[in-house]
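Dear colleague,

I am handing over the model we spoke about, and my notes on it follow below. Please read them beside the coordinates.

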Amino acid sequence: MVRYRKYIAAGLFSFVLLIAAYATAVAHPGTVVTKKICTSWEIAKNKAFIMTHKQAIKPLADSKPLALSGNAERVPVLMYHYITPKADNSEPDNHSIIDLESFEQGMEYLHTNGYKTATMEQLEKYINGEGVLPDKSVVITFDDGYQNNIIYAYPILKKYGFHATMFVVGSHIQQKTATFNPKKSSFLSNDEMKASSDVFEYHSHTFDLHKKETALCGIAYSSLADTSLITSDSHKIKVLGIDSPYFAYPYGEMNTQIIYHLRENGYRMAFSVRNGFAQPGTPPMKIPRLTVISSTDMHTLLHPESSLN
């Protein structure tokens, strides 16, 4: 008993020291030491959260479903953001912007080589071992909800009979359709979403948490990092009609607590910006994607092993 009391006392003392160190770090931000202290505190909080939410977090554990006959070994989930003609691209080094000509070339490659596009529901069943996606399946996603996705991408996707997903920021959705100006950034409207639903399905990129307003350890994170905001934000975007179980993380930022709160609000599958392919058994709240930029060679992107030969 005396020994256990010593362990408890030592643990409490260490915890108190960590709190004191964290308070010092907050009071004197910016130095290497304080960032390390702050990071240690965040790790400790995350571990404490995991310990107190074991049962709720348990379903997040990786599981490898049985291989289904005829199933693709892996499925690429392509990620796009902003599309503009090369002549209007004033930021050619911005990887969130892809030249229209490059986008169309990529879609032509997929069509010519026999690729078929999958829906979110089909992808979810695939990774959970409940459905089959054949070889040469691909998922096409767009983040943010830019109007140029409707102006430029929609007709190209429709031309090839492709399906795509757009993750929209609810607060950016326009009540009236704006006059499109290719040289300015603009967001789609409710009417544009309805008119393009034969090609696009629409899901959440938060209602209004896609902004760098939360600071942790001297680093700016999206407002999603403040998990106390997730429930009210989820409610707001569902009220808009984006009531789906599919989600894309702002800036790709995710952790155990964010995932927990998203699941508590009904989300079953979420997309990161981590590079990789989706496979049966991929954790559904950590789906990787492949970023497509203007200089991307689609064949090499979809077959990275070919570049090693």
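**Helix H9 and what follows**

After H9 comes Gly266, whose phi is positive, near 95 degrees; helices here are DSSP runs of H or I with at least four residues, strands are runs of E with at least two, and both are numbered from the N terminus. This is a predicted model, in which local features need pLDDT of at least 70 and side-chain atom pairs count only at pLDDT 80 or more, whereas totals for chains, interfaces and linings use all residues. Residues are numbered from 1 along each chain as its sequence is written, and side-chain values use heavy atoms, with hydrogens and water left out.

H9 itself spans residues 256-264, and its buried residues are Thr256, Ile258, Ile259, Tyr260, His261 and Leu262, where buried means under 20% relative accessible area, exposed over 50% and partly exposed in between, with a 1.4 Å probe and protein chains only. At the start of H9, a side-chain oxygen of Asn255 comes to within 3.1 Å of the backbone nitrogen of Gln257.

The chain has 10 helices and 12 strands, and 45% of its 309 residues count as buried.

**H4 against H6**

Helix H4 (residues 100-112) packs on H6 at an angle of about 20 degrees, with the axes 10 Å apart; the axes are lines fitted to C-alpha atoms over the stretch in contact, and angles run from 0 to 180 degrees between N-to-C directions. The two helices are therefore roughly parallel to each other, a term that covers angles under 35 degrees. On the H4 side the contact (heavy atoms within 4.5 Å) is made by Leu100, Phe103, Glu104 and Met107, and on the H6 side by Tyr152, Ala153, Ile156, Leu157 and Lys159.

**Ser204**

Ser204 is found in strand S7, residues 200-204, and is buried, with a relative accessible area of 0%. Its side chain reaches the backbone nitrogen of Thr206 at 3.0 Å. Leaving aside neighbours within four places in sequence, Ser204 is in contact with residues including Phe167, Ile237, Tyr246 and Tyr267.

Key
A polar contact is a pair of N or O atoms within 3.5 Å; within protein, one must be able to donate a hydrogen and the other to accept it, and residues adjacent in sequence count only if both atoms are side-chain atoms. Angles under 35 degrees count as roughly parallel, over 145 as roughly antiparallel, 65 to 115 as roughly perpendicular and the rest as oblique.
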